[in-house]
Amino acid sequence: MRPTVAHAVTRLGTEGAFAVLARARALEAEGLDVIHLEIGEPDFETPPHVAEAGIAAIRAGETHYCQTAGLPVLREAAAASLSWSRDIPVDPQNVLVANGAKPFLFFTVLATCSPGDEVIYPDPGFPIYESAVRFAGATPVPLPLRESLGFSFDPAELESLLTDRTRLVILNAPQNPTGGVIPLADLERAAAAILRTPAWVLTDEVYARITYDVDAPSISSLPGMLDRTILLDGFSKTFSMTGWRLGYAAVPTDLVDPLTRLIVNSTSCVPPFVQLAGVAALEGPQDAVVEMVAEFRSRRDYLVPALNTIPGVSCIEPGGAFYAFPNVSALPIDADTLAERLLVEAGVALLAGSAFGVHATGHLRVSYASSLRNLEQAVERIRAFVATLGV
Ligand SMILES: Cc1ncc(COP(=O)(O)O)c(C=O)c1O
């Protein structure tokens, strides 16, 4: 008899960006020249003072197990940073540290949802939300983000999706994959509706520092919301630290113990030298963050108008993160075929909207975490390819 895998793992989804990256790398190995606009990570080095703090901590012997909830010094720095940036009183005791923001997505769903419970999540959205919900045996309820609303949601639609089985509402802004932000008025209506239910809120704010001329308000700042909100932030995007695997969350008191148990049962703790690099990132000079965001802005300011000059392509201006989400539904081929052919025939790796949900079709996600020169070349390759479609 052959051993089998558990049914639960067959419910896990995946992240399209990693799959396309692997395929693009394989094509490169065969000699194809590929411009990579598929992966969602800043193309900058970790700031030197942060890297040095990590190296110094290794030399100082900070290489052993440590507190599961996180080093007190990092919990305090993270609490101060969240309190200041969201204008809320975050107690360090309510801050937990994990190996990236991602584990908090998974663990929050596991800590709050049982089979039969419903979870409302943004669609288009980061694919891990739906995957975690399905894994937990809960029911994913997509909340459509509307292009006509700058990729925010219609608060009336959110209200209509809330039921007595809703256990968790996931929000994300600035948003992956659209770059959209949620206006304060929409958050206020959402909060008012959610407060009438017993649902928790998970607000994924890993792109909070990457905005351009717009505010990305946090639902956790609204009256009554802090006690029911898991406020998630991380180091990957803000400090270009994707490989360090470090994230943190402010969580309601009732969830501190359940989430800490999930961490101790899985990863035990985040390496202390990584956490000490995180302290240096939060408390040290912020020039690298400011410079990175300025660079992303000039790329966005090139990319979006350039995409809009391609026949059949229209792209609204993203307010944050480093993604453009052009609408390609006017082209004669669907977005999945387009993404595949752009990779193989034009050497441009990007993602089809379908990697981000059922409401994401007809779009491409273009990550502009790549040099201006690469973006210029990619736009010309896309233009030349689209011309072959006879548009
Ligand atoms: C919206 C969103 N949340 C969470 C994450 C995960 O971030 P981390 O590297 O901190 O696990 C990502 C990464 O792409 C993301 O786009």
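# How the parts of a predicted fold are named

Me: Which residue stands opposite I120 in strand 4?

Reply: In this predicted model, the residue of strand 4 that stands opposite I120 is V141.

Me: What makes strand 3 and strand 4 a pair?

Reply: Strand 3 covers residues 118-123, and six bridges join strand 3 to strand 4.

Me: What makes strand 8 a partner of both strand 2 and strand 7?

Reply: Strand 2 and strand 8 are joined by four bridges and run antiparallel, and L96 stands opposite A249 in strand 8. Strand 7, residues 229-234, also pairs with strand 8 over four bridges in the antiparallel sense, and there D233 has Y248 as its bridge partner. Since at least two bridges are asked for, four are enough in the case of strand 2, and four are likewise enough in the case of strand 7.

Me: Which residues point one way from strand 8, and which the other way?

Reply: In strand 8, which covers residues 247-250, G247 and A249 point one way, whereas Y248 and A250 point the other way. Side chains in a regular strand alternate between the two faces of the sheet. The four residues named in strand 8 are all buried.

Me: Why are strand 9 and strand 11 placed at the edges of their sheet?

Reply: Three strands form this open sheet in the order 9-12-11, with antiparallel pairing. Strand 9 (323-324) and strand 11 (351-352) each have a single partner strand, so one side of each has no neighbour in the sheet. Strand 11 pairs with strand 12 (residues 364-367) over two bridges, and the bridge partner of L351 in strand 12 is R365.

Me: Is F106 called buried or exposed, and how do you know?

Reply: F106, which has its place in helix 5 (residues 102-112), has 20 other C-beta atoms within 10 Å. The cut-off for a buried residue is 20 or more, so F106 counts as buried.

Me: Why is the core said to lie between domain 1 and domain 2?

Reply: The largest nonpolar core holds 127 residues, of which V109 and V348 touch the most other members. Helix 10 (residues 272-283) supplies the largest share of this core, seven residues. Both domain 1 (7-45 + 287-388) and domain 2 (49-283) give residues to the core, so the core lies between them. Apart from neighbours within four places in sequence, V348 is in contact with I35, L37, L342, L343, A378, R381 and I382.

Me: How many residues of domain 1 are in contact with domain 2?

Reply: There are 35 residues of domain 1 in contact with 36 residues of domain 2. On the side of domain 1 that touches domain 2, the largest share, six residues, comes from helix 11. The C-alpha centres of the two domains lie 25 Å apart.

Me: How do you know whether the radius of gyration agrees with that of a compact globule?

Reply: For 391 residues, a compact globule would have a radius of gyration near 21 Å, and the protein has 21 Å, so the two agree. Along the principal axes, the C-alpha atoms fill a box of roughly 60 × 60 × 55 Å.

How values were computed. Residues numbered from 1 in each chain as written. Predicted model: local features only at pLDDT ≥ 70, side-chain atom pairs only at ≥ 80, totals over all residues. Core = buried A, V, L, I, M, F, W, Y, C linked by C-beta atoms within 7 Å. Buried ≥ 20, exposed ≤ 12 C-beta atoms within 10 Å, placed from the backbone. Domains from an automatic or database assignment. Contact = placed C-beta atoms within 7 Å. Rg over C-alpha atoms; globule rule 2.2 N^0.38 Å.
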